[in-house]
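Here are a few exercises to work through with the model open beside you. Try each task yourself before reading its solution.

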Amino acid sequence: MTAGDIVEYVVKSAIIIVFLLTAFAYMTLYERKLVGRVQVRHGPNRVGPGGLLQPVADGVKLLFKQAITPRGVDFPLYILAPAISVVAALVTFAVIPVGPGGVNLFGYRTDLWLADLDVGVLFVLAMSSLGVYGIVLAGYASNSKYSLLGGLRASAQLISYELSLGLSLVGVLMLTGSLSLNDIVNGQGGTWLGFIPRWYILVQPLAFIIYAISGVAETNRAPFDLVEAEQELVGGYHTEYTGLRFALFFMAEYINMVTISALAATLFLGGWRGPFFGGPWWLLLKIALLLTGYVLLRATLPRLRYDQLMHFGWRVLLPLSLLNIVITAIGIVLLG
Amino acid sequence: MVDNYAIILIMILTVLGFGALLLSIGVLVRPYKPTPRKLQSYESGVPNIEPLKGRYTPRFYVIAILFVIFDIEAIFLFPWAVAFDQLGLFGLVEMVLFIVILLIGYAYAWRRGALEWV
Amino acid sequence: MDWATIIFYLLAAVAVLTAAGVVFARNPVHSAFALVISFLNVAGIYVLLGAEFLAAVQVIVYTGAILVLFLFVIMLVRPEDLRELNTAPRVQTALAWLLGLALFAELGLVIATGVLTGARGPYPPEEVAAAGGNTQLIGRILYSEFLLPFEVASLVLLVAVVAAVILGLPDRFLTGERARGLSLSLGHPTGADRVLEAERRGVPAVDAPDLGEPGTIDTGRAPVGAGRGR
């Protein structure tokens with residue numbers, strides 16, 4: 001690895017970070033607009049044309065907010081927690097291929113992914129399991145009962161749905177025979193009967209449904225947003241955070257949504273491949289559609305109770321994902 | 001192969017730098033006017049009368065332990081899945097046996113109410 | 001010295017330092033977090049060795065699952081409740097030091113003399129790459145040659161499930177006091193205890209508010225809750 005390579009990877013990392021931050025900023029606006037539409041109102045429309053500068057205004061406002069550190073907090077962990085959340089969220093994207101390899105970009109030959117790990121899928125799971133620490137430590141370090149309860153609930157929810165999330169991927173891995181996300185995208189190239197794309201969602205529909213539901217639960221989004229059930233928990237694990245420290249948690253949540261959508265697109269919907277002109281735009285389109293699904297879920301569904309949430313994860317999704325694995329294995333053995 | 005991890009390392013360092021920047025940049029511009037009331041932890045607007053202390057339901061422990069066990073099971077499934085094309089029917093039978101044995105434990109936990117949450 | 005060696009020493013140094021932190025930290029949550037960092041560095045060392053799958057397992061199972069369990073347990077038992085933690089008998093402390101140093105000397109001796117070197121596996125890097133990767137090879141070997149240990153592992157996990165349920169949910173949660181025992185209010189944990197205790201003794205859990213004699217106004221009494229703030 002030469003110095004030039006290192007510069008290339010730093011630039012690529014920076015591009016990914018900037019992309020994810022922009023996606024985060026405009027996702028907040030898009031969500032508010034769309035939820036507004038569903039509720040027959042306009043949503044933010046004062047800052048800039050059609051409210052387009054609203055995310056900037058929000059960011060600047062948060063920047064100028066006082067950073068209140070309540071008495072009795074465990075400061076090192078208190079300040080580490082949001083950083084852990086956001087780092088785990090951002091780094092996951094490093095293994096997602098956004099396009100084909102060996103592309104000429106401004107006369108410079110490069111691959112459209114940052115890293116192609118042999119254990120890419122496991123890397124994603126590992127990062128999402130590290131993200132739990134941001135929440136647990138925030139809950140503990142804040143020295144507040146709402147934070148502690150919110151943190152506990154959130155982490156119990158995350159670990160419960162992590163199981164079915166991980167197990168739902170096993171079917172795809174059996175079809176591909178590889179944990180590398182690049183191999184998984186390449187396995188979905190080509191078509192059946194000349195026009196049906198060979199996407200894994202068509203052979204693994206149950207797995208996709210399990211993944212989608214667990215993904216929503218993993219990102220603490222409605223209808224699984226018990227973590228932020230303000231009627232009972234105030235703000236959950238980030239009750240005691242203000243200003244940019246709070247913004248980091250917020251950022252981590254939205255970036256996780258983008259990453260979960262990008263993974264769903266990569267694992268089940270053919271990644272950057274499309275019926276024609278394959279490339280990053282297809283991935284972007286799929287991510288945008290999945291994110292719209294997220295927002296519509298939030299706009300239409302009421303929040304579950306905590307016992308319903310745990311029952312659903314342990315009693316429905318877990319057995320279903322095991323069933324899916326066995327069915328897939330039988331199918332592969334029978335069909336060769 | 002290790003090169004790919006070097007890239008991940010670069011990414012992690014970049015992200016860490018970025019996170020540190022975000023956490024510290026506000027110091028330059030934001031005001032800081034603490035008052036004793038403001039520094040209290042949140043309690044719906046009334047003074048805190050009890051230090052944070054108490055006991056919580058043991059369900060959280062049970063869920064965490066069950067998670068550890070089933071997570072290990074999931075980990076066993078990954079190498080099996082990627083090697084499945086070579087294992088074939090044999091692989092299917094042994095994994096069904098593995099899952100069935102674990103499902104006995106799952107059924108037991110269910111029956112004893114470990115998966116109930118009220 | 002090439003980059004891999006430098007990174008190895010960095011990872012090893014952080015792993016050892018944080019492991020020391022686990023022992024010396026006063027706050028158990030800090031100990032657990034130091035252990036998280038130590039484990040992550042160990043995972044990094046596995047990557048340097050080319051054991052990618054092992055590194056992933058290290059992160060997912062050890063840091064992602066087992067240490068979360070540790071944190072759950074530690075967080076909910078406040079350190080103040082564990083006064084006896086730092087009051088071990090002197091003999092015990094001395095013995096612990098002695099045994100620890102002996103173990104340290106043994107390990108140092110083994111490393112320094114190189115008596116014990118790991119057996120070289122039959123799979124050089126080229127063969128691993130030909131099999132499609134570390135994970136594929138592990139899958140192929142684990143599920144053919146090591147079939148029996150694998151199935152026995154499921155029995156071990158089964159025992160663990162049973163033990164977890166029995167230890168975590170003692171019978172009193174499930175028999176007579178079923179409904180009540182399981183509905184400990186999370187928001188008011190101590191309150192729920194007081195209610196249970198009061199019911200056991202057959203007295204009302206909450207005193208009826210003393211409204212005073214009708215027609216009198218008790219100005220001498222402070223309003224409820226006043227003066228209790230800390």
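From the N terminus on, chain B runs α-α-α, that is, three helices and zero strands. Helices (H or I, at least four residues) and strands (E, at least two) are DSSP runs, numbered from the N terminus.

A word on conventions: residues are numbered from 1 along each chain as its sequence is written, and chains are lettered from A and ligands numbered from 1 in the order in which they are written. This is a predicted model, in which local features need pLDDT of at least 70, side-chain atom pairs count only at pLDDT 80 or more, and totals for chains, interfaces and linings use all residues.

**Exercise 1.** Describe the make-up of chain C and the share of buried residues in chains B and C.

Solution. Start with the elements: chain C has nine helices and zero strands, in the order α-α-α-α-α-α-α-α-α. Next comes burial, where a residue is buried if 20 or more other C-beta atoms lie within 10 Å of its own, exposed if 12 or fewer, and partly exposed in between, with C-beta atoms placed from the backbone. On that count, 22% of the 230 residues in chain C are buried; for chain B it is 37% of 118 residues. Finally, chain C is divided into domain 1 (1-79), domain 2 (132-168) and domain 3 (172-205), with bounds from an automatic or database domain assignment. The centres of domains 1 and 2 of chain C, taken over C-alpha atoms, are 23 Å apart.

**Exercise 2.** Work out how H1(C) and H2(C) are oriented to each other.

Solution. First take the axes, which are lines fitted to C-alpha atoms, for helices over the stretch in contact, with angles running from 0 to 180 degrees between N-to-C directions. Those of H1 (residues 3-24) and H2 (residues 28-48) of chain C come within 8 Å and cross at roughly 155°. Now apply the classes: under 35 degrees is roughly parallel, over 145 roughly antiparallel, 65 to 115 roughly perpendicular and the rest oblique. H1(C) and H2(C) are therefore roughly antiparallel. Then look at who touches whom, counting two residues as in contact if their C-beta atoms, placed from the backbone, lie within 7 Å. Among the contact residues are C:Ile7, C:Phe8 and C:Leu11 of H1(C) and C:Leu35, C:Asn41 and C:Ile45 of H2(C). Sorted by type, the contact of H1(C) with H2(C) holds 15 nonpolar, six polar and no charged residues. Here Ala, Val, Leu, Ile, Met, Phe, Trp, Tyr, Cys and Pro count as nonpolar, Asp, Glu, Lys and Arg as charged, and the others, Gly among them, as polar.

**Exercise 3.** Which elements cover the buried residues of H6(C)?

Solution. Begin with the helix: seven of the nine residues of H6(C) (residues 134-142) are buried, including C:Gln136, C:Leu137 and C:Arg140. The cover includes H2 (59-82) and H3 (84-111) of chain B, together with H3 (52-76) and H5 (125-130) of chain C.

**Exercise 4.** Which helix gives the most to the side of chain A that touches chain B?

Solution. Count the contact: 68 residues of chain A meet 51 residues of chain B. Helices of chain A supplying at least two residues include H1 (3-38), H5 (145-168) and H13 (306-335). H13(A) gives the most, with 13 residues. This side of chain A divides into 46 nonpolar, 13 polar and nine charged residues.
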